[in-house]
Amino acid sequence: MKRLLLIDRDGTLIIEPPIDFQVDSLQKLEFYPKVIGNLGKIARELPYELVIVTNQDGLGTESFPEENFWTPHHKMLSTFANEGIAFRDVLIDKSLPHENAPTRKPRTGLLTPYLKSGEYDFARSFVIGDRMTDMELAYNIGARGILIHNPIHELSFENPAVENVIELITTDWEEVYMFLAIEEQAYAKQYRNASIVRKTLETQIQIDLELEGQGKYEINTGLDFLDHMIEQFAKHARLNLKIEAQGDLHIDEHHTVEDVGIALGEAFAKALGNKRGIERYGFFILPMDEAQAQVAIDFSGRSYLVWQVDFQRERVGDVPTELFEHFFKSFADHSKSTLHIKAEGKNAHHIIEAIFKGWAKACKLACARTEFTDLPTTKGVL
Ligand SMILES: [Mg+2]
């Protein structure tokens, strides 16, 4: 899921004029110290989408004409853009405090499309701002807060729940960058994820894999039966898996099945990383009515497939049965694993489903983490 940095403008990105709190001329535009360099590093190195969320009291009224606002605002945005800092969105509330508009921070109205889209992980998103209302916004959307402390705003912790969302109080943007970078490193250690984009003249595939998942999936390969099988895999391996594949199905199913296997293998190799501390081996015997599948896997760094499966039918659903061997060969080759699959039964659907579920359980065991941090080999390399 995508993550957001919801960044306040005045007092956070640029200095808030202490008299009238309005940046309404170029003369009043002054960047917060060290914000450009450090926000640039955040934009380049960390996987956040940047959004400005700002209250501009009475913007468009006589006391704050729009034209006076936009000139310094655009200058600010172009200065950031010149340093590679692009904002996905600039959300402005123009109401006055007494109007109690649902869009005025700390209320969440401006963020409704983001909250409703279901694409964003708010628990791993941050609000960065210089007022307690920014921190209240973080609390209201289930995000966390970074407070750019300005001594002229009193830090009033009336609500302990709001205080709890504040992870950092600072006056230094370098600290903001360091905090987010360390946070990212700790997360990467804890959660093994991989994204793979594979484009050839035959197929285009995007895979997002989270090994520490819950069994959530979104599989679209263009082949319904393959989707159904990979959904079983994600569910029973308890990993989160998203696959979008567009293949040359007008020719036949071959390239799509093969390349999904390749890309999924690459995703496993990437997510497992250096393989320190993993179980490495996994095996499972899985029954499904009259069928039974035995799957054993070793993330050994060497690829090998043993396939002892006979089908009595040429196709199951929209996939030729001969392609399943090819799928698992592609997976073994590109995940650099040794994979043994044996299965027997009468019903081809049962046989292949037992294989995918057995493969799921074996992968789950092999990818599991132990209490050790060394490589599970005496050879020194996996
Ligand atoms: Mg502010």
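**Note on a predicted model**

1. Ile 7 stands opposite Ile 128 in β4. The two strands involved are β1 (residues 3–7) and β4 (residues 126–129), which pair in the parallel sense over three bridges. Two strands count as paired if DSSP finds at least two bridges between them. Strands are DSSP runs of E, at least two residues long, and helices are runs of H or I of at least four; both are numbered from the N terminus.

2. A word on the basis. This is a predicted model: local features need pLDDT of at least 70, side-chain atom pairs count only at pLDDT 80 or more, and totals for chains, interfaces and linings use all residues. Residue numbers start from 1 along each chain as its sequence is written.

3. Which order do the strands of the open sheet follow? The six run β3-β2-β1-β4-β5-β6, with parallel pairing. At the edges stand β3 (89–93) and β6 (166–170); each has a single partner strand, so one side of each is left without a neighbour in the sheet. On average, neighbouring strands of this sheet are turned by 20° against each other, direction ignored. Axes here are lines fitted to C-alpha atoms, for helices over the stretch in contact; angles run from 0 to 180 degrees between N-to-C directions.

4. Now the whole protein. It has 10 helices and 16 strands. Its radius of gyration is 26 Å, well over the 21 Å that the globule rule gives for 382 residues, so the protein is more spread out than a compact globule. That radius is taken over C-alpha atoms, and the rule is 2.2 Å times the number of residues to the power 0.38. The C-alpha atoms fill a box of roughly 80 × 50 × 35 Å along the principal axes.

5. Buried residues make up 38% of the 382. Buried means 20 or more other C-beta atoms within 10 Å of a residue's own, exposed means 12 or fewer, and partly exposed lies in between; C-beta atoms are placed from the backbone.

6. Is helix α8 largely enclosed or open? In α8, 14 of the 19 residues are buried, so this helix is largely enclosed by the rest of the structure. α8 covers residues 254–272. Just after α8, Gly 273 takes a positive phi of about 55°.

7. Helix α7 (residues 224–237) packs against helix α10 (residues 348–367) at an angle of about 35°, with axes 8 Å apart. Contacts, meaning C-beta atoms placed from the backbone and lying within 7 Å, include Phe 233 of α7 and Trp 359 of α10 among the residues involved.

How values were computed:
The expected span of a helix is 1.5 Å times one less than its number of residues. Two residues are in contact if their C-beta atoms, placed from the backbone, lie within 7 Å.
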